[in-house]
Amino acid sequence: MIESTLSELERYYDTVPRVGGARAEDFGALTLFVQEGAGWPYYARPALGGPEATPADVQRVLERQRELKVPEAFEWVAETSPSLRTAVEAAGLHVHAHPLMVLDPSAEALPPHPDVRLLGAGDPLLTAAVTVPALAFGSPGTAVGEAGPAELAAAMAEPSAEEGRARVSGKLAAGTSAMAAAVRDGVVLCSGMHNPVGDVAEVVGVGTLPSARRQGLALGVTAALVAEALARGARTVFLSAGDEDVARVYARIGFRRVATALIAEPQE
């Protein structure tokens, strides 16, 4: 069962960048996805059905990423491509591990959170919803932090906030993503998205304004995204948790760990 699920996720991972506007460059054992035009920067990952990558394969991709001036990043599933970690570490990259979790089909849905709603492409709160996760991930963990509404307002004034809003608005209008947010007194406190491809959907970017943590908002947003994905016909809903503490939160709404997602980037 887990093996078939991981195969399904591999197909999803190979498809998402292609439908997201990236071109795929073939490096044999690895595929480098390069965003064309405005959009999310992508990464290299194991070629679907390809052989195990060697350190030489990794080095070739790194040279191409440097030539293109794109992020030197690799993403893969440890259990599916077990030898890639050794290859990327030999190239001097640092590897981050994240619990890879899939929704249990028998999990009971949580009741809707009163502060959580779905956002459309033209929603006036979309800029805030796109900005909140950046503040959340800038202060990782689940502990209450300092960044709050004032920091959110300042971040929304940056040009990158409008660029992010436009990008996400296009995806919402096209139906290639859905977004949910927890809103209280007109302030977005938590938000996240899911990206459906066929009958598989990945929940991504769920982040809570640090000052609003420990209130169940991320759980409410994730539950709303799961409900929306299932309503669209998703058969498999999955996510990568930031760490073990975050994974325990997602377990409360029925996500079960099936593997480990790995991300390799240059040492800071």
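**Entry 1: charges and ground rules.** For charges I count Lys and Arg as positive and Asp and Glu as negative, leaving out His and the chain ends. I place each charge at NZ of Lys, CZ of Arg, CG of Asp or CD of Glu. With that, I looked up the 22 positive and 33 negative charges of the protein chain, and their mean positions are 2 Å apart. The model is predicted, so I note that local features need pLDDT of at least 70 and side-chain atom pairs count only at pLDDT 80 or more, while totals for chains, interfaces and linings use all residues. Residues are numbered from 1 along each chain as its sequence is written, and side-chain values use heavy atoms, with hydrogens and water left out.

**Entry 2: the whole chain.** I found eight helices and eleven strands in the protein chain; these are DSSP runs numbered from the N terminus, helices being H or I of at least four residues and strands E of at least two. The radius of gyration is 18 Å, close to the 18 Å of the globule rule for 268 residues, so the chain is as compact as a globular protein of that length. That radius is taken over C-alpha atoms, and the rule is 2.2 Å times the number of residues to the power 0.38. I read the spans of the C-alpha trace along its principal axes as about 55 × 45 × 35 Å.

Entry 3: I looked up burial next: 47% of the 268 residues are buried (under 20% relative accessible area; exposed is over 50%, partly exposed in between, with a 1.4 Å probe and protein chains only). Among contacts (heavy atoms within 4.5 Å) with a separation of 6 or more, 70% are between residues 24 or more positions apart.

**Entry 4: H194.** I went to strand β8, residues 187-197, which holds H194. H194 has 0% relative accessibility and therefore counts as buried. Its side chain makes a polar contact of 2.6 Å with that of E228 (a pair of N or O atoms within 3.5 Å; within protein, one must be able to donate a hydrogen and the other to accept it, and residues adjacent in sequence count only if both atoms are side-chain atoms). Beyond four places in sequence, the residues H194 touches include T176, A201, L225 and R232.

**Entry 5: two positive phi values.** Most residues other than glycine have a negative phi. I noted K69, with phi near 60°, in the loop between α2 (55-68) and β4 (74-77). K69 is exposed, at 75% relative accessibility. I also noted D185, with phi near 55°, in the loop between β7 (178-184) and β8. D185 is exposed at 79%.
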